Amino acid sequence: MTATIDIIAGARPNFMKIAPIIRAMEARMAAGAPLAYRLVHTGQHYDSKMSGDFFTQLGIPEPHRNLEVGSGTQAEQTGAIMTRYEALLLESRSALCLVVGDVTSTMACAIAAQKLCVPVAHVEAGIRSGDWTMPEEINRMVTDSITNLFFTTSEVANQNLRRSGVTDDRIHFVGNTMIDTLLANKHRFAKPPFWSELGLEAGEYFVTTLHRPANVDRGSTFAELLQAIAESVRGMKVVFPVHPRTAKTMREVGAVPSNVLLVDPQPYLEFNYLVKHAKGVITDSGGITEETTVMGVPCMTLRTSTERPETVTMGTNELLGVDPKALKPALDRLFAGQWKRGQIPPLWDGKTGERIVAILEERFAH
Ligand code: UD1
């Protein structure tokens, strides 16, 4: 009998993580494996710039169902996703609910599924920042506490899960699906249309992304950070694709330093072209620190903790904290040619999607 697996995606960082799983699943289905999937988009991100462009560029098929939850507070989004996904499961049950990452959609669908006794698989399970002020940390902890099948990206994640009582037979160390997408698409990275207009040259500019509430929700904090970035890059340009949350505060910031160039959120291929050719990246994202590690691009993270410690211990990432004063000494080291080169963590090899699907196939064969 064919097992139908729900694949859940809701927000931008989910899309790169599901693409290789879907590709691997379609390959096995074409070879006659008794697997099927239903792609459920919760609608947490809904703009073409935050969602649609990623589907097009990464060849992700049209979702079978869009729950269209849209914006809201944490609880509003969680409640709306749970209610609508529960209705879908009651209408048509799946054999497994597969969630990825740590966004609100991940947690909300895991809860709705498990309460209807639909088992949950979590891709990127077990990572922890220890920072309970981040909604993503709550999402990770809740999701992992009701997950049946754990797919992990690192040995640290395996240890975190074991420490919380998860037995080894439920933990599958498979690697990183986000890196599958990076490696599969690196030959297609595309120069953004504004490249010449902004006078960009490879190795001569920085890329910045900031969207964490702690950094961007207060105009004064955000303005200080922008100023410190602009002053520490020795006159180089800083390309800043502005997340919608950040755009709201941008209005309170007043004048943006002249070497900080604001652009819209970029599609996947253009964003990674910018990163690959940058002198360095200054960010508060988690996922980007994994991509810079694999591309060997120096990365400075404006956070006090990370759920992805291997990007620091093995990769090119360094945690600077949230004090803007930390930027200048770090950038001085970079300009002095003293930034670490880094290594690629185990199993971040482009084959994670296939490993996940092989394990799912094996599970449903029994
Ligand atoms: C979410 C994720 C975060 C991820 C980030 C990447 C959670 C808790 N957080 O944060 O882990 O790193 O996405 O983007 O799930 N908005 C738009 N257009 C859109 C989507 C959102 O304008 O397509 C606006 C919303 O109206 C809202 C703001 O952007 O005001 C933030 O969106 P939201 O989904 O609440 O969370 P993010 O901050 O994007």
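Mentor: The helices α1, α2 (48-58), α3, α5, α10, α11 (268-276) and α12 (287-295) each supply at least two residues to the lining of the largest pocket, where helices (H or I, at least four residues) are DSSP runs numbered from the N terminus. The model is a predicted one, in which local features need pLDDT of at least 70 and side-chain atom pairs count only at pLDDT 80 or more, whereas totals for chains, interfaces and linings use all residues. Residues are numbered from 1 along each chain as its sequence is written, and side-chain values use heavy atoms, with hydrogens and water left out.

A pocket here is an open set of points on a 1 Å grid over the protein atoms alone, with a 1.4 Å probe fitting at the points and protein on both sides within 12 Å along at least five of seven lines, and its lining residues have an atom within 4 Å of a point. The largest pocket is lined by 48 residues, and those that lie nearest its centre are R12, H45, M50, H211 and H243. Its volume, the space filled by probe spheres set on the points, is about 1,100 Å³. By type, the lining holds 17 nonpolar, 18 polar and 13 charged residues, with Asp, Glu, Lys and Arg counted as charged and Gly among the polar ones.

This largest pocket is also the space taken by the ligand, a molecule being said to sit in a pocket if more than half of its atoms lie within 2 Å of the grid points.

Some polar contacts, which are pairs of N or O atoms within 3.5 Å, can be followed in the model. An N or O atom in the side chain of H45 is 2.9 Å from an oxygen atom of the ligand, and a polar backbone atom of Y46 is likewise 2.9 Å from a ligand oxygen. For H211, a polar side-chain atom lies 3.1 Å from an oxygen atom of the ligand. Of the 750 Å² of accessible area that the ligand has on its own, the protein covers 88%, with areas taken from the Shrake-Rupley method with a 1.4 Å probe.

Terms used: Polar contact = N/O pair within 3.5 Å; in protein donor to acceptor, adjacent residues only side chain to side chain.
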